[in-house]
Amino acid sequence: MDRPRITVFDTTLRDGEQSPGCSMNVEEKLRLAQQLDRLGVDVIEAGFPIASDGDFEAVQRIAASVRRPVIAGLARACTGDVNRAWQALQGAARPRIHVFLATSDIHLKYKLRITREQCLEQAREAVRHAKSLCVDIEFSPEDATRTDVAFLCQVVEAVIAAGATTVNIPDTVGYSMPEEYGNLMRTLREKVAGIDKVTISTHCHNDLGLAVANSLAGVQQGARQVECTINGIGERAGNASLEEIVMVMRVRPDRYPYETTVASEHLYSSSQMLAEITRVPVQPNKAITGRNAFAHEAGIHQDGMLKNPLTYEIMTPQSVGVPDSRLVLGKHSGRHALALRCEQLGHQFERRELDEIYRRFVVLADRIKKVQDSHLLELIHDVASGNASKGDGAASHGKKFPPAAASLPLPRAAAAGANSNDAHPAQVSGSAGQAPVSIPFTDHHSEQEDYLWGV
Ligand SMILES: [Zn+2]
């Protein structure tokens, strides 16, 4: 029997970007959107077009260049916002306008200063207007989980009648418990006329650490879209983590028999790319993508792992794209292996950019004892941001990225394979406009093990 399909709605570029320290420029958003496309998400919420010119431009550029997923733009429930969102989405192959309006009494009274009747009318009008522009309309009653349930049902029914095709139920303040959130979904399905014709969506915040559990409870009670972010970034304690939701469904189909189109082997590279762009590291013990997520330190665990990985491993590192621990790069590994490693960290480069990264990598390998993924990400960041520094990234600023996973240097022989066809490091040219860089080359063979790195 076919499992129900869950629409994965990624809001890393909108809700995620609202987290302190996570703002991104247009180029960075575009790069991340292309990665989300590779990852296979169904919907990318690209921004909040009326919020700033930068947000508008990001939505416009993403809409023009990322063609497979639905591209959503957020709008408050008013004509100006909806028009601006629609303007930004003009070039999209599959545009969606996402309209929101708070519905809880506390928001109505203190934030919006309107009555429930005015709220109902405003939601209906905004959706009707959006529908006159765009077929695909999502509506979110903000703070839904603290909204009077009868009133919530009334609003949801009104927006469906006005043309909404997805109804999202935000636990805006991360207050709900899983059973409670699931029950709310069930109530909506039982009481709201027309709800069977639309997609119900979850949007959970992690203030009590329950965002993923709440989202899954929603899915079990009929939600068919989940809103989530890479690394769970988002307002305050963040949103539900995309990688955790996807892997729960993959590892425990007996309890969560649902399908997503996410290519889980791109989860790790997506996580690393986000950390590199925002310069906000992933917490080491973060499920799925933290550097310790697949590390085994306790002796008895290591012993079990060596005898049979299933003793302590419920999923393989490879299934989420954590680079193969047997791939070890040394300074003699050459461009091909370096390019592969960059790809595993979420970056694909043109030949010229790769030359520059390779040049800096070799310089760095000459200078420090051990080159980690974090150092490589620094180099990538420097090259991507056009940092003119001739030095290596690892030394150019204090911030560090988390290494990918536990380092497992292997014997020298393991690193030798990839280098035979690549240019000798001493012959590598600099980037465009620069004279070929002459790299001091001394014999490092006796120290080569020190340069081996990997995960
Ligand atoms: Zn949110």
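1. A residue is called buried when its relative accessible area is under 20%, exposed when it is over 50%, and partly exposed in between, using a 1.4 Å probe and the protein chains only. By this rule D143 is buried, with a relative accessible area of 0%. D143 sits in the loop between β5 (137–142) and α6 (149–161). Its phi is positive, about 60 degrees, although D143 is not a glycine.

2. This is a predicted model, in which local features need pLDDT of at least 70 and side-chain atom pairs count only at pLDDT 80 or more, while totals for chains, interfaces and linings use all residues. Residues are numbered from 1 along each chain as its sequence is written, and side-chain values use heavy atoms, with hydrogens and water left out.

3. R113 also has a positive phi, near 55 degrees, in a residue other than glycine. Most residues other than glycine have a negative phi. R113 is found in the loop between α4 (105–112) and α5 (116–133). R113 counts as exposed because its relative accessibility is 67%.

4. Helices (H or I, at least four residues) and strands (E, at least two) are DSSP runs, numbered from the N terminus. Of the 455 residues, 53% count as buried. The accessible surface comes to about 19,300 Å², and 52% of it belongs to carbon and sulfur atoms; such areas come from the Shrake-Rupley method with a 1.4 Å probe, and for residues only the protein chains shown count as cover.

5. A contact means heavy atoms within 4.5 Å. Among contacts in the protein with a separation of 6 or more, 74% are between residues 24 or more positions apart.

6. Which protein atoms are the donors of the zinc ion? They are D15 (OD), H203 (NE2) and H205 (NE2), lying 1.9 to 2.2 Å from the ion. Donors are N, O and S atoms within 2.8 Å of the metal (3.2 Å for Na, K and Ca); water is not among the atoms, so sites may look incomplete. Along the chain the donors follow the spacing D-x187-H-x1-H. D15 lies in the loop between β1 (7–10) and α1 (26–39) and H203 in strand β7 (residues 199–204), so this pair ties together parts that are 188 residues apart in sequence. Both D15 and H203 are buried.

7. Y181 lies in helix α7 (residues 178–191) and counts as buried because its relative accessibility is 0%. The C-alpha atoms of Y181 and N214 are separated by 6.2 Å, although the two are 33 residues apart along the chain.

8. Helix α1 and helix α10 (residues 267–278) pack at an angle of about 170 degrees, with their axes 10 Å apart. Axes are lines fitted to C-alpha atoms, for helices over the stretch in contact, and angles run from 0 to 180 degrees between N-to-C directions. That makes α1 roughly antiparallel to α10; angles under 35 degrees count as roughly parallel, over 145 as roughly antiparallel, 65 to 115 as roughly perpendicular and the rest as oblique.

9. Helix α12 (residues 334–344) and helix α13 (residues 351–367) pack at about 100 degrees, with axes 10 Å apart. That makes α12 roughly perpendicular to α13.
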